[in-house]
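Me: I would like a close look at one part of this model, the site around the ligand. Please keep to what the atoms show.

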Amino acid sequence: MSKPTRVYDLHCHSNQSDGILSPEALVSRAKLRGVTTLALTDHDTISGLPRARRQAELEGIELVNGIEFSCMWAGRGVHVVALAFDEKHDGIQKIIREQTSLRERRTVLIAEKMEKAGFNDALDRACAEADGPAIGRPHFAQAMVKAGFCSSVEQAFKRYLGTGKAGDIKQIWPEFGDVLPAISEASGIAVLAHPLKYKLTRTKLCKLLEDFVDYGGGALEVVSGEQRPEDTRDLAKIANTFALLASCGSDFHAPSMHWGELGKFSSLPESVQPVWTAWE
Ligand code: AMP
Ligand code: MN
Ligand code: MN
Ligand code: MN
């Protein structure tokens, strides 16, 4: 008998960061969408993991520990997803505590910038949009839309919060070289998330990956939601060039998003070694 097909979605968000669904609802939706192994990877927090794990046990799907770290490389913001780590490990707990307090400080800084831009009560309004500990730019964007200060989340990012705008405060995050070793020490695997989102030249991306590998990074997100087949082929080649495992995930945030539905992306090419071989 052939083995039943497994569907891995190793990148998604709950309302503990900037997703819409509770950890429980997220796991249920994943199950409905045919996902058999899910990693909840909220931004800089693991507060949703116990709830997601309980729901996964009820639903009979596998849950892998996950988190998406905000960090810096060469003056740019980059995201590193950590998978299958021991969440009780002191080193990773310390980094996560630090990320939480950095995010709190950053929230205040973003609020100050938005106040200056004319958006009153920015801090309170952004906090009111959040259900969990990790407040970020999307909460500000949602508050700005709700208050009629911007017409859409997209517009809020375009004018105030996106790359290079006043509310894009990233200098606060640690260098990725300070985060990657803690992931390995906690027996986890570090995945460079959505490599094409950084809009790097090929030379720069290769330099980033050299550094990533030097610090113990183990995998590249070869498939990030629905993407062009040529991008998948290209990223698979890059993963193999750097002897990196390959990961895949939707980066799901909300049911209303027309991209990034849970479990909805093409499978990894045969040529790569899947990241789950690291823990299965
Ligand atoms: P932060 O964690 O505060 O840096 O916010 C980053 C998050 O904002 C990303 O994970 C996305 O979910 C969201 N985001 C980034 N750029 C945009 C954009 N242009 N429009 C809507 N959401 C965005
Ligand atoms: Mn996000
Ligand atoms: Mn990301
Ligand atoms: Mn993400």
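Which helices each supply at least two residues of the shell around ligand 1?

Reply: This is a predicted model, in which local features need pLDDT of at least 70, side-chain atom pairs count only at pLDDT 80 or more, and totals for chains, interfaces and linings use all residues. Residues are numbered from 1 along each chain as its sequence is written, chains are lettered from A and ligands numbered from 1 in the order in which they are written, and side-chain values use heavy atoms, with hydrogens and water left out.

The helices are H3 (90–116), H5 (137–146) and H6 (153–161); helices here are DSSP runs of H or I with at least four residues, numbered from the N terminus. H6 gives the largest share of the shell, three residues. Around ligand 1 stand Asp18, His43, Arg103, Arg106, Gly136, Arg137, Pro138, Val153, Glu154, Phe157 and His253, a residue being counted if one of its heavy atoms lies within 4 Å. By class, the shell holds five charged, three polar and three nonpolar residues. Asp, Glu, Lys and Arg count as charged; Ala, Val, Leu, Ile, Met, Phe, Trp, Tyr, Cys and Pro as nonpolar; the others, Gly among them, as polar.

Ligand 1 lies between domain 1 (8–96 + 174–278) and domain 2 (97–161), because both give residues to its shell; the bounds come from an automatic or database domain assignment.

Polar contacts are pairs of N or O atoms within 3.5 Å. In the side chain of Arg103, an N or O atom is 2.9 Å from an oxygen atom of ligand 1. For His253, a polar side-chain atom lies 3.0 Å from a ligand oxygen, and for Asp18 the distance from such an atom to an oxygen of ligand 1 is 3.1 Å. Taken alone, ligand 1 exposes 510 Å², of which the protein buries 75% (Shrake-Rupley method, 1.4 Å probe).

Note on methods:
A polar contact is a pair of N or O atoms within 3.5 Å; within protein, one must be able to donate a hydrogen and the other to accept it, and residues adjacent in sequence count only if both atoms are side-chain atoms.
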